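Let's take a walk through this fold, starting from a single side chain and working out to the sheet and its rings. Keep the viewer open as you read.

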Amino acid sequence: MGDMTSITAATTSADVRERYLDMVERSLLNAIHGEPRLESALQRAAMRLRHPWQTRSWAPKDFWPVKAHTMIGAERLSHLRRLVEATLADGIPGDYIETGVWRGGACILMRAVLAAHGVANRRVFAADSFAGLPRPDAERYPADRRDRLFGFDELAVSEAEVRRNFEAYGLLDEQVVFLKGLFKDTLPTLKGHAFALIRLDGDMYESTLDALTNLYDGVSPGGYVVIDDYGILGSCRKAVHDFLDARGLAPSIEPIDGPGVWWRKD
Ligand SMILES: C[S@@+](CC[C@H](N)C(=O)[O-])C[C@H]1O[C@@H](n2cnc3c(N)ncnc32)[C@H](O)[C@@H]1O
């Protein structure tokens with residue numbers, strides 16, 4: 001009878017944890033109240049394009065939601081949750097970071113996973129300018145020369161707004177670290193810092209390369225690298241391969257959905 005009680009209790013708490021994280025994901029995607037149709041010029045243009053991922057569950061309509069706290073879509077969000085949970089289950093040491101947080105949703109999810117598993121000794125770093133993307137430095141990074149994302153106000157979300165979003169989930173505490181500024185200035189301060197997972201979502205060549213250059217060596221063996229835009233932004237993909245080639249690395253890069261990929265560091 002005692003055994004039965006403990007099995008039931010264990011099953012119930014795992015089930016509640018799953019349901020909590022499912023609910024956080026749905027809320028981050030604004031799937032509960034329903035996301036309004038998108039209106040920006042880029043979104044309208046994207047809707048007209050016939051991208052190969054249009055048939056998948058992630059589609060251009062997921063670009064830049066009006067209210068949702070993340071733009072990464074359901075597949076990449078739940079994949080992120082599974083990877084963070086895998087690092088906990090496997091005891092991969094280190095913190096978690098996203099470079100390019102926008103409204104903070106992916107970081108909120110990572111903090112929620114730590115909360116759901118009762119992990120109090122790991123932190124989530126949220127690195128962003130909190131003012132949108134930088135203008136391309138075409139001289140140093142020719143791959144960015146056509147990038148115009150700096151011109152979109154939709155991509156500039158203040159630190160105060162991201163903090164409010166964390167607060168709305170009851171997840172703003174000392175386990176969340178805000179790293180404000182351009183990656184080229186902020187990320188060198190994290191060189192060598194141990195991470196169990198790094199999630200790169202800065203879109204541009206420069207932003208992706210700065211993140212890999214400063215964070216990759218800190219990823220623990222068995223830890224994960226997630227690149228949000230590898231499948232859709234050639235400049236981001238080029239930064240990944242320039243970095244890997246320069247290091248003589250050839251990890252097995254796995255797709256998540258159309259845009260997102262990940263690999264595990266040996
Ligand atoms: C596509 S959004 C990130 C989406 C977010 N991960 C989500 O879950 O919805 C890109 C973000 O990267 C930031 N960013 C891009 N390049 C940057 C850089 N070099 N330095 C600082 N922030 C940068 C922008 O400010 C923006 O918030």
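**Starting from one asparagine**

Leaving aside residues up to four places away in sequence, asparagine 30 touches Glu35, Pro36, Lys67 and Ala68, where contact means heavy atoms within 4.5 Å. You'll find asparagine 30 in the loop between helix H1 (2–28) and helix H2 (41–48). Helices (H or I, at least four residues) and strands (E, at least two) are DSSP runs, numbered from the N terminus. Is asparagine 30 buried or exposed? Asparagine 30 has a relative accessible area of 11%, so it is buried; the label means under 20% relative accessible area, with exposed being over 50% and partly exposed in between (1.4 Å probe, protein chains only).

A quick word on what you're looking at. This is a predicted model, in which local features need pLDDT of at least 70 and side-chain atom pairs count only at pLDDT 80 or more, while totals for chains, interfaces and linings use all residues. Residues are numbered from 1 along each chain as its sequence is written, and side-chain values use heavy atoms, with hydrogens and water left out.

Glutamate 25 counts as buried because its relative accessibility is 9%. Its contacts, not counting residues up to four places away in sequence, are Leu77, Ser78, Arg81 and Leu109.

Now zoom out. The protein has 8 helices and 7 strands, and 51% of its 266 residues are buried. Of the contacts with a separation of 6 or more, 75% are between residues 24 or more positions apart.

**The sheet and its helix**

The 7 strands of the open sheet come in the order E3-E2-E1-E4-E5-E7-E6, with mixed pairing; two strands pair if DSSP finds at least two bridges between them. At the edges sit strand E3 (176–180) and strand E6 (254–255), each pairing on one side only. E6 runs antiparallel to E7, and the two pair over 2 bridges. Proline 255 stands opposite valine 261 in E7.

Helix H7 (residues 205–215) packs on the sheet, where it touches strand E1 (95–99), E4 and E5, and its direction makes about 170° with that of E4. For that angle, axes are lines fitted to C-alpha atoms, for helices over the stretch in contact, and angles run from 0 to 180 degrees between N-to-C directions. H7 is mostly covered, with 10 of its 11 residues buried; among them are Tyr205, Asp210 and Leu215. What covers the buried residues of H7 includes helix H6 (183–186) and helix H8 (234–247), along with E1, E4 and E5.

Follow the chain through this region. E4 and E5 pair in the parallel sense over 5 bridges, and arginine 199 has valine 226 in E5 as its bridge partner. Going from E4 through H7 to E5, the chain makes a right-handed β-α-β crossover: with the strands pointing away from the viewer, the path from the first strand over the helix to the second runs clockwise. Why call E5 largely enclosed by the rest of the structure? Because 8 of the 9 residues of E5 are buried. E5 is also joined to E7 by 4 bridges, with the two running antiparallel, and isoleucine 227 stands opposite valine 261 in E7.

**Rings and charges**

A search of the whole structure finds 8 aromatic pairs. Rings of Phe, Tyr and Trp (its six-membered ring) pair if their centres lie within 6.5 Å; planes under 30 degrees apart count as stacked, over 60 as edge-to-face and the rest as tilted. Phenylalanine 125 and phenylalanine 195 make an edge-to-face pair, 5.7 Å centre to centre with 80° between the planes. That pair links distant parts of the chain, with phenylalanine 125 in strand E2 (residues 124–128) and phenylalanine 195 in strand E4 (residues 195–200), 70 residues apart. Phenylalanine 125 is buried at 4% relative accessibility, and phenylalanine 195 is buried at 0%.

The ring centres of tyrosine 224 and tryptophan 262 are 5.8 Å apart and their planes are at 50°, so this pair is tilted. Ring pairs also link Phe130, Phe166 and Phe178 into a cluster.

Finally, the charged end of arginine 237 sits over the ring of tyrosine 230, 5.9 Å from its centre (the test is NZ of Lys or CZ of Arg within 6 Å of the ring centre and within 35 degrees of the ring normal). Lysine 265 lies over the face of tyrosine 216, 4.8 Å from the ring centre.
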